[in-house]
Amino acid sequence: MSIDQALIKRKLLNVATTGRFATFAPEETNHHTKQLKSYLQHHQDKLDSIELFQLFELDFYLSLITGHDIEAKAVLERLNDQFGGKVSSQRIKLLKSIYFEAIGDLESAGKVLSEDPDELILSRRLTTMSRHDGARYISNLIYYLNLAPGDVVAWCELADEYAKLKEYKKAIHCLKRVLTNQPDAYILYNKIGSYYYQLSLGSHKEKNELLQSSVKEYLRSVEIYAGNRSTWEGLYTTVKNLEDGTEKEKLIKICERELSKN
């Protein structure tokens, strides 16, 4: 295996095992999907059984995220056929429940989950199944995160629920928990910046301080990846509301220059 392919393998396995794909921007999702499928097509014979399962599992998730339900089903069937007797049935049940939920078959998803309600991962899926009830969903996520505090996907989901309720401080706390494990997730800095901005709209005394916090998060986001237009748009909106000063004028010029490129 060439050095380049070895690096690609390590990167894809890292994405698969950390759940980083849950925080990808659309262009990142598409890039990793193409890279993964190409790698599996040409190099899967270089993988051991655990690595192969992990990358098939990643292929399943990315297929669902990109709206390719048929491809996701094909990957699930291959996993079941190839690994059904070699890996924990819990993992297969988890993926089945996710697939059924994605296609809108909540009854089948619930049936799969109810077979082993005491297992941790399946308990996580039971939590997800309560998402139609906002208050219950938040309560279940908090309970689950006390058991599995390293689940970055659950923290992101909890942040989204708090944001829906305009509880932006709590949403920020959740995303900062994720950033301790994924410090380069620029999309999360973007979200935190937008939440600080929303907080500033309802504050008079701390307005400029909150706007400064928003600017800081947006700048961290563009420091990691400068090609996301929505980040520049959020930064521009925030900066225009800052108190007048040389920093404000400088940042406005930078934002206008970047936004004029697209």
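Student: What makes residues 152-185 a "repeat: TPR" here?

Tutor: That label comes from the UniProt annotation, an unreviewed entry, which covers residues 152-185. Such annotations may be inferred rather than shown by experiment. The model you're looking at is a predicted one, too.

Student: Okay, and what does the model itself have in residues 152-185?

Tutor: The span is 74% helix and 0% strand, and its end C-alpha atoms lie 11 Å apart. Helix 9 sits at residues 152-164.

Student: How do you know what span is expected for helix 9?

Tutor: Take 1.5 Å times one less than the number of residues. Helix 9 has 13 residues, so that rule gives the expected 18 Å. From first C-alpha to last, helix 9 reaches 19 Å, close to that value.

Student: Why is helix 9 called largely enclosed?

Tutor: Buried means under 20% relative accessible area. Ten of the 13 residues of helix 9 are buried, so the rest of the structure largely encloses it. Among the buried ones are Val152, Trp155, Leu158 and Tyr162, and also Glu157 and Glu161.

Student: What comes just after helix 9?

Tutor: Lysine 166, which takes a positive phi of about 65°.

Student: Zooming out, how many helices and strands does the protein have?

Tutor: There are 14 helices and zero strands. Of the protein's 262 residues, 47% count as buried.

Student: What makes a group of residues a nonpolar core?

Tutor: The members must be buried, come from a set of residue types that includes Leu, Phe and Tyr, and be joined through side-chain atoms within 4.5 Å. The largest core here has 30 residues, and Leu55, Leu58, Phe60 and Leu79 touch the most other members. Helices 1, 2, 3, 4 and 5 each give two or more residues to this core. Helix 3 provides the largest share, nine residues. Apart from this core lies another, of 29 residues, among them Val152 and Tyr162. In general, nonpolar side chains tend to be buried together in soluble globular proteins.

Student: Which residues does leucine 55 touch?

Tutor: Leaving out residues up to four places away in sequence, leucine 55 touches Leu12, Leu13, Leu36, Tyr39, Leu40 and Leu47. A contact needs heavy atoms within 4.5 Å.

Note on methods:
Residues numbered from 1 in each chain as written. Predicted model: local features only at pLDDT ≥ 70, side-chain atom pairs only at ≥ 80, totals over all residues. Heavy atoms only, no water. Helix = DSSP H or I, 4+ residues; strand = E, 2+ residues; numbered from the N terminus. Buried < 20%, exposed > 50% of the residue type's maximum accessible area, 1.4 Å probe, protein only.
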